[in-house]
Amino acid sequence: MRIRLYDVTRITRTGLVPHSAIDAEDGAITAVYDTLPAEEPGVRSVDAKGAYAAPGFIDIHLHGGGGVEFMDATPERIRAGCVAHARHGTTTLLPTTLAASPELTLRMIRAVRQAQAATTECTIAGVHLEGPFLSPAQSGAQSPDALSLPTPGLWDRLLDEWPGGVRIMGAAPELPGAMALGEALRARGVVASIAHSDADYETCRRALACGFTDITHIYSGCSMVHRKNGYRFGGVVEAGLLEDAFTVQVIADGKHLPPELLRLIVKCKGADRISLITDALFAAGSDLPDGSVLRQANGMETVLEDGVMKLPDRQAFAGSVATMDRLVRNMVHLAGVPLWDAVAMATATPARVIGLADRKGSLAPGFDADIVLMDKQLNVKAVMARGQFVE
């Protein structure tokens, strides 16, 4: 049966369309109305009472949720963690690895692939490999013991496990062999993202020519301007902000970055070059209390405290406990971004980054019927994934 979301305030790329409607059938959007249509027999109308309607959120970087750590979970548990995020509006996602042994990474890729086939509450669009080709100088919550130099034998082994399923790989371009990795990723259609990197500005510029197009969680695990004998040199952050060819991932949980840095990133990049990411760990979308401790599959211990995951010495964050709806609210309320720009950062931009812009990230006929209804405070009221309401 065709479903009609009636009397929505539709969020477009450039503004709001109040008192409109959206039809969905067989998992796809079939019609969009700028004014309220007349009732039709055989159509199930759902009165949204003016609620905001956004495309389903797309999280391209998350490590867990709902009490589940993706890295060491069964397909059934991975599905449960993804559903926890779906209830907060995330209808498409990329479960993300931690730097780990090849055996553990391959096991996680297989589990995500199996979970994809069994998950109907959202779209598992593939997997994001964060590492193991990361810089020890910027390892953060990544286990230093699990880091490796990029070699064709190792990267081919990881990428060949799921041809077409690895959507993003994060790596530090200053490592020996990393530029060749960028070329190999480009040839395979995989997004090469500068991640946990201590590279300088010029190395990042060279990386652009070798296939790197994205920056993983800018300002976190990234080199910044530094001095050598009185001279200043830019780092990953400056390259990400200044080079238009780079898209950037932003953790807008209100903990990792203060409002002024969120505003600076938006001013430099614009909504069409920013993907909001949760970088969520196991506690996201759960009711786990402060003080909860998890020893991750990579051996690193993390602590839930003050609404964020920390390393035990409290000197650095390990990840967030945010869901995508919180990021959208923060971009509006903390960074002062127009709602339609905040939504684009959570939908259209990540869809384009991972090659799904032909069917995800827009409320338009022919696109998947992934729809989030929010009240005026931007709290999620209902979620539709491929035409079915998420319970």
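The model is predicted: local features need pLDDT of at least 70, side-chain atom pairs count only at pLDDT 80 or more, and totals for chains, interfaces and linings use all residues. Residues are numbered from 1 along each chain as its sequence is written, and side-chain values use heavy atoms, with hydrogens and water left out.

Strands of a sheet pair through backbone hydrogen bonds, in either a parallel or an antiparallel manner. Here, four strands form an open sheet in the order β19-β20-β21-β22, and their pairing is antiparallel. Its edges are β19 (293-295) and β22 (317-320), each of which pairs on one side only. On average, neighbouring strands of this sheet are turned by 30° against each other, direction ignored; axes are lines fitted to C-alpha atoms, for helices over the stretch in contact, and angles run from 0 to 180 degrees between N-to-C directions. Strands (E, at least two residues) and helices (H or I, at least four) are DSSP runs numbered from the N terminus, and two strands pair if DSSP finds at least two bridges between them. Strand β20 (residues 301-305) is joined to the antiparallel strand β21 (residues 308-310) by three bridges. V303 has K310 in β21 as its bridge partner.

A nonpolar core is a set of buried Ala, Val, Leu, Ile, Met, Phe, Trp, Tyr and Cys residues joined through side-chain atoms within 4.5 Å. Buried means under 20% relative accessible area, exposed over 50%, and partly exposed in between (1.4 Å probe, protein chains only). The largest core has 90 residues, of which M169, I218, V250, I265, L276 and M331 touch the most other members. Helix α2 (residues 102-118) gives the most to this core, with seven residues. A second, separate core of 14 residues includes V8, I29, A53 and L373.

Contact means heavy atoms within 4.5 Å. Leaving aside neighbours within four places in sequence, V250 is in contact with residues including I218, L257, L262 and I265.

Two lysines sit over rings, with NZ of Lys or CZ of Arg required to be within 6 Å of the ring centre and within 35 degrees of the ring normal. The charged end of K228 lies over F233, 5.5 Å from the ring centre, and that of K376 over Y52, 4.1 Å from the ring centre.

K376 also touches G50, as do D7 and T9, not counting residues up to four places away in sequence. G50 lies in the loop between β4 (43-47) and β5 (52-55), and counts as buried because its relative accessibility is 12%.
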